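Let's take a walk through this one together. Have a look at the structure first, and then we'll start with a pair of strands.

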Amino acid sequence: MNYTMEELLAAALAHTIADGEVGFTGLATGKAAAAYNTNIPLLGMGLAKRTHAPNLTVLLCGWSHNPDLSQLKAMPECEFANELLNLPCEAQMQDYPGTWAYKAGDIDFAFGTGVQVDREGNLNCTCIGDPAHPKVQLVGPIFLPEHFAVFGREYIMMPHHERRNFVGRVDHISGVGYPGGTEGRRRLGLPGGGPKYIFTPRCIFAFDGAGSLYVKSIHPGVTPQELEENTGFDLGDLSGVPATAEPTAEELRILREEVDPNGILRL
Amino acid sequence: MAERTSKLCSLRQAADLIRDGDRVAFGGFAIYQKPMALVHEIIRAGKKGLTVVGSVNSVDVDMLAGAGCVRTVETSYVGLEKFGLAMNYRRAVQDGTVAAVHYPEILAWDRFRADAEGLEFWPAAYLGGSDIVNLNPAIRRFENPMNGKPMYAIPAAAPDVAVVHVPAADIYGNVRIQPRHLLPQSMDIAVSRATRNVIVTAERIIPTAEIREDPHLNVIPAFRVRAVVHAPYGSHPTPVLSVMRMDDAFFREYAEASATPGRFGAFLDRYVRGVDGHEGYLDAVGRARLDALEEGTGGGK
């Protein structure tokens with residue numbers, strides 16, 4: 001069957017979403033970042049909504065509730081421009097504090113990306129090198145500290161799966177994963193669920209009930225050896241790891257005809 | 001009868017309300033509705049050692065970093081979104097001339113709420129394990145007196161001055177925003193409530209009689225405002241929602257110029273330092289080009 005990497009990951013994402021949840025996604029720009037942080041989330045949430053989760057709330061850019069993407073001819077590149085202001089939706093968060101209160105647990109899941117992730121699920125989007133004298137200063141932590149600490153679960157979306165991205169220890173803990181496992185999170189007083197999955201172009205990682213990282217599935221066409229060569233920490237025994245389930249014909253039809261009829265989420 | 005005091009002044013008079021070393025908060029959000037005319041004037045006035053305190057910043061901080069006006073930046077993000085990285089800021093942090101103090105996005109916003117409520121800090125329960133806390137001695141850990149769990153005190157933003165760019169204001173400082181607004185305008189409200197030392201730059205100066213017609217749109221009341229400046233296109237190249245679009249081409253020119261200090265210096269000379277105030281800036285950008293950015297009902301300057 002012919003499908004894209006975005007469709008493979010969108011279908012896998014959809015299977016992890018429960019009915020009635022509230023999902024938050026930003027508006028990333030740049031091809032790779034947009035694919036992983038915006039397009040796959042919107043495709044996956046759209047598929048879930050049309051299959052088993054009709055009561056899902058999609059928060060586009062965090063402020064547009066259940067927007068009607070079929071009205072768009074292209075994905076907007078600006079989160080606060082008139083084209084999104086005028087896009088039909090169910091509610092708009094005009095002010096902070098507003099329609100949702102993340103500190104009170106309103107956000108069930110969200111998506112985040114960075115340049116480094118480690119085995120504990122810590123994510124770095126702030127700097128490379130010693131934070132006191134950074135070798136490379138990046139954009140800053142943005143909303144990720146809140147995503148990782150308070151939201152129900154976080155999907156870490158990594159458009160690149162290379163050794164420099166999957167490291168032994170991140171240079172700056174911008175989003176906190178599982179230092180000391182789920183017990184470690186509890187001791188830190190973090191109320192949210194933390195990272196639950198990592199989606200990459202090579203595999204899907206998950207964190208088990210103790211907060212330990214494991215490879216959940218390897219994408220069709222990717223070998224365990226390739227995965228090990230491109231990951232900067234030990235992956236353990238990969239012999240029993242299944243292949244990532246391919247999207248069904250019906251899932252592909254829904255994605256292409258109903259979720260994204262104008263093809264604005266395809267690259 | 002005693003006469004009410006007009007706060008209308010020049011951009012330079014407004015900029016001179018900011019002292020070297022002040023803590024300055026800019027309204028707007030990311031690359032939206034930033035008070036750039038006043039940022040430019042801060043550069044022309046040669047201000048030094050500023051601390052910029054914000055939630056999500058962009059060309060405001062980057063330009064001040066490139067011009068050597070800023071010493072410390074307390075925020076969650078400095079970048080140009082779809083136009084790329086904030087290269088002046090990046091260089092300044094990497095060479096140590098600017099100190100980056102990282103705050104999470106919404107807690108950075110809450111710091112202004114603390115000021116608005118007269119509080120020294122805003123509480124958060126969820127920063128444990130983060131380098132946000134590990135590397136910032138200004139954030140203090142305390143015990144939640146209700147349940148004994150760890151909490152963190154995030155210091156109030158404590159701006160000495162806040163600067164916002166808005167669609168319209170009267171000469172006394174009553175500010176009218178768009179009939180429909182979004183989070184960048186909400187940030188204007190947040191920073192303006194954190195101090196009573198607010199500088200307003202406005203696309204239009206309107207009569208107080210007009211202000212009184214729609215009081216529900218006037219989210220910044222006169223008593224908070226110290227100075228009002230008429231600055232048409234005063235957010236350029238960032239947009240004013242429903243009034244003026246983003247100038248994408250100018251942003252790209254900015255991003256390219258900021259690739260090296262030398263090219264950025266030439267950019268500043270051409271548009272900011274080497275021109276006669278805001279009018280000179282508008283001439284350098286081009287009036288016809290600015291007219292073409294207008295949208296909606298907010299024109300007619």
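Val24(B) stands opposite Val52(B) in E2(B). That pair belongs to strand E1 (residues 23-26) and strand E2 (residues 50-53) of chain B, which run parallel over two bridges; strands count as paired if DSSP finds at least two bridges between them. Helices (H or I, at least four residues) and strands (E, at least two) are DSSP runs, numbered from the N terminus.

This is a predicted model, where local features need pLDDT of at least 70 and side-chain atom pairs count only at pLDDT 80 or more, while totals for chains, interfaces and linings use all residues. Residues are numbered from 1 along each chain as its sequence is written, and chains are lettered from A and ligands numbered from 1 in the order in which they are written.

To get from E1(B) to E2(B), the chain passes through helix H2 (residues 36-44) of chain B, a right-handed β-α-β crossover (with the strands pointing away from the viewer, the path from the first strand over the helix to the second runs clockwise). E1(B) also pairs in the parallel sense with strand E8 (residues 161-169) of chain B, over three bridges. There, Ala25(B) has Ala162(B) as its bridge partner.

Now for the domains. Chain B splits into domain 1 (11-102 + 158-291) and domain 2 (121-155), with bounds from an automatic or database domain assignment. Their centres, taken over C-alpha atoms, are 31 Å apart.

Finally, chain A. The contact takes 34 residues from chain A and 41 residues from chain B, counting residues whose C-beta atoms, placed from the backbone, lie within 7 Å. Among the elements of chain B that each supply at least two residues are helix H5 (105-116) and helix H7 (183-192).

Conventions
Contact = placed C-beta atoms within 7 Å.
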